[in-house]
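Welcome! Please take a moment to look over the model below, and then we will walk through its sheet together.

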Amino acid sequence: MNLEQIKYHTCDLDDCDGILLVDVETETLADTDVDGNMQYYCLEGHHTFSVDEDEAYD
Ligand SMILES: [Zn+2]
């Protein structure tokens, strides 16, 4: 998995940039949600959101 390619994702709620939540020390993926979706932090809305990888990158 290439982290650079999935590092940013547009927030569906307010159409702003979100950044992938990663462990800052290891730069590995942070915890996923209960469905195993990746977690992003919305830089404008200051909230987290999850992305279903299968749907997001069709
Ligand atoms: Zn947002």
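Two strands pair if DSSP finds at least two bridges between them, and strands themselves are DSSP runs (E, at least two residues), numbered from the N terminus. What you see is a predicted model, where local features need pLDDT of at least 70, side-chain atom pairs count only at pLDDT 80 or more, and totals for chains, interfaces and linings use all residues. Residues are numbered from 1 along each chain as its sequence is written.

Let's begin with strand S2 (residues 17-20), which pairs with S3 in the antiparallel sense over three bridges. Here Leu20 stands opposite Tyr40 in S3, and Ile19 has Tyr41 of S3 as its bridge partner. S3 also pairs with strand S4 (residues 47-51), again antiparallel, over five bridges. The hairpin of S3 and S4 has four residues between the strands, and in it His46 takes a positive phi near 55°.

Now step back to the whole sheet. Four strands form an open sheet in the order S1-S2-S3-S4, with antiparallel pairing. Strand S1 (8-10) and S4 each have a single partner strand, so these edge strands are each left with one side that has no neighbour in the sheet. On average, neighbouring strands are turned by 40° against each other, direction ignored (the axes are lines fitted to C-alpha atoms, and angles run from 0 to 180 degrees between N-to-C directions).
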